[in-house]
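The sequence and the model are shown first, and the commentary follows.

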Amino acid sequence: SLSGDLDVFGARVSTNGMAIDPQGVGLATGVGDQSFPNVIGFGSEYLLAWEEGRFPSPRPISAMRFSDPTTPSISRTTLTSNSFGDPTLAFNGTNALLVWESLASVDGTTLNFDGGVGNVGGRPIALGPSHEQQARAAFGADRFGVAWLDDRLVDGGAPSHLGVYFTRLDAAGNRLDVNPTLIAEHSATTGLDIAFDGQQFVLK
């Protein structure tokens, strides 16, 4: 923004690749930084989550539903005070799963279409002996899949060598696996992502 703070802007693009909002529209603006945005389709609307910079660290995650980039459908919902950012979203056709990085874990909660929050402070999805980060989520086969990077395997080697872990959650956001699955050991992966291809979860 002109004040020097970071804001979240968005624009629609038609199916033939034309910009509907060529100048962009301010979606999350105000005092302090709004950063690390993530957006998904939410039924016929959009759901946006971002990190709030108007509070001291650790910074909360906020979310807002839009019918279009200029029309919020629900007011801003501030969800947590233990966040260290990087929110990610997935939608199961009824509820969204919001996942973020906190001080000692990857946490998450469900959001319904009316703005209801399953757990305002979130609950741990990935809680290990070290640092869990860069979580990503997807939905398929009646469950959410969450993947993240984890340095629990680092033993004096390069700090960029992180393990990739994966776990499943039910539609209400409850963990289905007692222990996460190690997908890749001592990976130098950054830019982790996850999708569902109709039969299985795919990680890159």
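This is a predicted model: local features need pLDDT of at least 70, side-chain atom pairs count only at pLDDT 80 or more; totals for chains, interfaces and linings use all residues.

**Nonpolar cores**

The largest nonpolar core holds 13 residues, and the members that touch the most others are Leu-97, Val-99, Val-146 and Trp-148. Two or more residues of this core come from each of β9 (96–101), β11 (123–126), β12 (132–140), β13 (143–150) and β14 (162–169). With three residues, β13 provides the largest share. In soluble globular proteins, nonpolar side chains tend to be buried together.

**The four-stranded sheet**

An open sheet is built from four strands in the order β8-β9-β10-β11, with antiparallel pairing. The edge positions are taken by β8 (88–91) and β11; each has a single partner strand, so one side of each lacks a neighbour in the sheet. From one strand to the next, the twist averages 35 degrees. Within the sheet, β9 and β10 (residues 106–111) are paired in the antiparallel sense over six bridges. Ala-96 stands opposite Leu-111, a residue of β10.

**Aromatic pairs**

The model contains five aromatic pairs. A pair of aromatic rings is described by the distance of the centres and the angle of the planes. Two of the pairs are set out here.

| Pair | Centre-to-centre distance | Angle between planes | Class |
|---|---|---|---|
| Phe-42 and Phe-91 | 4.8 Å | 65 degrees | edge-to-face |
| Phe-166 and Phe-201 | 5.5 Å | 50 degrees | tilted |

The planes of Phe-42 and Phe-91 stand at 65 degrees, which is over the 60 required for an edge-to-face pair. Because Phe-42 belongs to strand β3 (residues 34–42) and Phe-91 to strand β8, this pair ties together parts that are 49 residues apart in sequence. Phe-42 is buried, at 1% relative accessibility, whereas Phe-91, with a relative accessible area of 22%, is partly exposed. The cut-off for a buried residue is under 20%.

Terms used: Residues are numbered from 1 along each chain as its sequence is written. Side-chain values use heavy atoms; hydrogens and water are left out. A nonpolar core is a set of buried Ala, Val, Leu, Ile, Met, Phe, Trp, Tyr and Cys residues joined through side-chain atoms within 4.5 Å. Buried means under 20% relative accessible area, exposed over 50%, partly exposed in between (1.4 Å probe, protein chains only). Two strands pair if DSSP finds at least two bridges between them. Axes are lines fitted to C-alpha atoms, for helices over the stretch in contact, and angles run from 0 to 180 degrees between N-to-C directions. Rings of Phe, Tyr and Trp (its six-membered ring) pair if their centres lie within 6.5 Å; planes under 30 degrees apart count as stacked, over 60 as edge-to-face and the rest as tilted.
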